[in-house]
Amino acid sequence: MNDQEEPILADFLKLVRSMRVINGIGTMTFLGGNRVSDEVIESMKYVNDIFLNMQDLSRTAGEYIARRIGVDAACITAGAASGTVLGIAALIYLRGGGKYTRDILEQGRKMLIAVQKPHRTEFRDLIYIAGPELREFGDTDIVTEESMRKVIEDNPGRILAIMHYAFEPMPGTLPLESVLRIAHSYGIPVIVDAAAELPPKESLTRYYKMGSDIVLFSGGKMLGGLSNSGLMIGRKEIIDAVHEIGPLNEENTDEGTRIFIGRPMKVSKETIVSTVAAIENFLRIDEDAWLSRIIKMADTIAEMISGIDPDISARVVMPQWNHPRPVNIPRVQVSFPQGIVAKEVSFRLRKFRIPIYTYCMEDKLYINPQCLEDDDIPLIIEGLSHALHSEKEETGWRN
Ligand SMILES: *Cc1c(COP(=O)(O)O)cnc(C)c1O
């Protein structure tokens with residue numbers, strides 16, 4: 001192999017940058033989550049060159065955040081999905097009297113997690129990883145309090161928790177207030193998946209203050225941390241259990257060392273410290289100013305798109321509950337004349353010189369400005385013009 005053929009890191013890095021896309025959907029894991037601030041990067045460097053006791057770091061970080069936001073306890077996780085598995089595992093552990101027995105996962109398999117039927121999200125299957133089975137209650141379009149009582153009474157002692165997805169305002173579902181009241185009247189804890197419900201800032205503590213037992217957030221969405229980070233807020237007893245069976249603990253028995261269910265959800269010292277830095281940043285954001293900037297950008301995009309072709313109209317709308325969350329961020333809604341299929345346009349945009357990611361709902365195309373920079377706007381307009389007016393073979397299109 002001669003020098004020229006040898007792969008060099010600089011080429012790889014260049015290649016990676018050439019893979020960049022324009023993200024008009026939002027803080028999506030499949031597009032890289034988000035970009036983090038300099039403070040977040042700096043905080044990783046700050047902890048990178050030291051070794052420390054990771055259990056202590058994890059507990060210290062959790063206590064810092066809990067004090068900072070005024071909740072009982074918190075823990076940095078490897079994401080909201082990890083938090084779902086760890087939270088359920090912690091509840092099984094607590095049920096077993098706080099002993100991580102050999103058969104803890106078998107015990108978990110005998111338990112059920114109840115979920116309202118309309119909360120049929122792609123994240124539900126995580127429940128099975130921790131052991132329990134999923135039991136739905138209610139109908140697809142309406143969930144009554146009676147249906148929730150019935151699933152609990154039909155399965156005495158087997159409902160480990162209620163998993164609640166904070167997708168307000170989802171029509172027909174039982175609101176969290178009712179879920180908490182009913183669950184707690186039977187002594188059953190409630191886990192709230194609020195992964196993408198920020199902003200507003202106050203939602204960081206709102207679900208917990210309502211009485212939820214565990215609340216989960218993604219670190220890699222609006223909190224502004226790494227894509228593989230998250231925050232779990234909860235009652236102290238539960239968070240302590242999470243630390244016990246989490247990724248950073250192990251147990252020495254007569255038969256040797258044993259790790260726990262949390263191990264595949266490991267967080268590094270850099271993840272823990274940078275998530276604290278991200279949360280600190282998030283708490284300092286001027287939300288009104290941030291939202292004004294987003295609205296201004298949405299207005300500009302809508303105006304420029306409307307200028308492409310008189311048959312195409314674009315306007316700024318507030319999204320319905322079923323759009324990529326959070327739904328308090330306005331979107332650019334693009335409507336096409338008869339004969340132009342939004343999905344086809346969206347598909348073509350992803351084949352543009354710099355791929356542009358948008359999403360479609362009911363034959364309209366949407367752009368979420370949340371992750372866009374001003375420089376992306378002319379490229380979106382160029383891409384959209386191409387998508388509409390050119391054949392695929394033309395320059396600017398990749399096949
Ligand atoms: C993003 C998301 C998750 C997964 O969160 P990670 O932090 O990526 O693990 C879970 N639930 C909902 C509702 C989400 O939006």
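Let's start in a loop: Pro326 is found between strand 11 (313–317) and strand 12 (331–335). Strands (E, at least two residues) and helices (H or I, at least four) are DSSP runs, numbered from the N terminus. Arg325 and Pro326 are joined by a cis peptide bond, with omega about 5 degrees.

Before going on, note that this is a predicted model, where local features need pLDDT of at least 70 and side-chain atom pairs count only at pLDDT 80 or more, while totals for chains, interfaces and linings use all residues. Residues are numbered from 1 along each chain as its sequence is written, and side-chain values use heavy atoms, with hydrogens and water left out.

Another cis bond runs from Glu168 to Pro169, with omega near 0 degrees. Pro169 belongs to the loop between strand 5 (159–165) and helix 8 (176–185). Then there's Glu362, which is not a glycine but has a positive phi of about 45 degrees. Its loop links strand 14 (359–361) and strand 15 (364–367). Why point these out? Because most residues other than glycine have a negative phi, and most peptide bonds are trans.

Now for the ligand. Around the ligand sit Thr29, Gly79, Ala80, Ala81, Phe123, Phe167, Asp193, Ala195, Ala196, Ser218 and Lys221, where being near means having a heavy atom within 4 Å. Sorted by class, this shell has six nonpolar, three polar and two charged residues. Here Ala, Val, Leu, Ile, Met, Phe, Trp, Tyr, Cys and Pro count as nonpolar, Asp, Glu, Lys and Arg as charged, and the others, Gly among them, as polar.

Here are some polar contacts (pairs of N or O atoms within 3.5 Å):

| Residue | Residue part | Ligand atom | Distance |
|---|---|---|---|
| Ala81 | polar backbone atom | oxygen | 2.8 Å |
| Asp193 | side-chain N or O atom | nitrogen | 2.6 Å |
| Lys221 | polar side-chain atom | oxygen | 2.8 Å |

On its own the ligand exposes 380 Å², and the protein buries 86% of that (Shrake-Rupley method, 1.4 Å probe).

Note on methods. A polar contact is a pair of N or O atoms within 3.5 Å; within protein, one must be able to donate a hydrogen and the other to accept it, and residues adjacent in sequence count only if both atoms are side-chain atoms.
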